[in-house]
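Student: Could we go through this structure together, with the conventions stated before the details?

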Amino acid sequence: MSLSREEQTLLPEGPFVAPMAAPSALVLRCETCGDTPHRVLRGKVGGKAEFVFEGVVKCSKCDQVRSVVVREPRPIEVPVIVSWLESSERTALEFTPGEVITVGQSLDLGESRAEVTAIESDGARVPSAVAKAITTVWAKRVDKVRVRFSVNKGNRTIAHDLLAVPDEEFAVGDLVDVGRDRAIVHHIRTQYRTLHEGTARADEIVRMYGRVVRQRTSR
Ligand SMILES: [Zn+2]
């Protein structure tokens with residue numbers, strides 16, 4: 001049997017406003033089947049500090065019907081400052097109050113990913129803390145990196161910044177579109193060496209050097 005996406009969601013989406021409608025299904029532990037979606041036959045939702053569901057549910061695998069009381073801490077919003085290149089953006093992410101956040105941890109921002117670089121709790125920088133004790137999380141986006149590319153065009157050198165995913169590879173001899181030009185990569189400088197042939201990962205590149213081979217004809 002297939003379940004719709006909605007039925008697999010534990011908590012209804014959106015802000016919590018009381019009174020709240022009971023969800024149509026909850027992922028619960030069945031003694032026979034393990035964690036499975038359970039259809040809600042009847043029940044109600046309440047609680048202030050907690051999400052509390054009381055009702056009767058039916059396991060979607062074995063059809064066992066039973067009464068349950070489910071308690072879940074309500075998520076809290078933690079301010080997150082996400083930096084990327086020269087800018088930073090203030091946002092907030094939802095965590096359960098007791099969830100531990102640690103420096104180096106990866107955060108899912110929906111469209112992008114970020115890595116926690118610092119945590120402030122009680123006026124101090126800490127390596128980790130539970131969500132409810134955190135004042136601010138600082139993070140940097142890690143889904144894209146900047147690759148610096150110096151391109152020789154006639155008697156001028158033009159600096160371009162390319163955006164790439166960290167494990168994207170660039171090779172000597174690659175043709176890269178920069179603005180209205182197309183340039184060939186001559187050599188690649190990484191933190192440890194200069195490549196005159198071969199490839200390097202975007203996140204290892206300090207700077208690439210190349211020259212314009214021709215003007216692009218369209219766009
Ligand atoms: Zn079951």
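Student: Which residue in E6 is the bridge partner of Glu77?
Tutor: This is a predicted model, in which local features need pLDDT of at least 70 and side-chain atom pairs pLDDT 80 or more, while totals for chains, interfaces and linings use all residues. Residues are numbered from 1 along each chain as its sequence is written, and side-chain values use heavy atoms, without hydrogens and water. Strand E5 (residues 76-84) and strand E6 (residues 87-95) run antiparallel and are joined by 9 bridges, where strands (E, at least two residues) are DSSP runs numbered from the N terminus and two of them pair if DSSP finds at least two bridges between them. Within E6, the bridge partner of Glu77 is Glu94.

Student: Which residue in E12 stands opposite Ile81?
Tutor: E5 is also joined to strand E12 (residues 136-141), and these two run parallel, with 4 bridges between them. In E12, the residue opposite Ile81 is Trp138.

Student: What is the geometry of the site of the zinc ion?
Tutor: Its protein donors (N, O and S atoms within 2.8 Å of the metal, or 3.2 Å for Na, K and Ca) are the SG atoms of Cys30, Cys33, Cys59 and Cys62, at 2.3 to 2.4 Å. Four donors count as tetrahedral if all angles lie between 85 and 135 degrees. The angles among the 4 donor atoms are 106 to 115°, so the site is tetrahedral.

Student: Is Cys30 buried or exposed?
Tutor: Buried means under 20% relative accessible area, exposed over 50%, and partly exposed in between, with a 1.4 Å probe and protein chains only. Cys62, at 34%, counts as partly exposed, whereas Cys30, at 2%, counts as buried.

Definitions and conventions
Four donors count as tetrahedral if all angles lie between 85 and 135 degrees; four count as square planar and six as octahedral if opposite donors are over 155 degrees apart and all others between 65 and 115; anything else is irregular.
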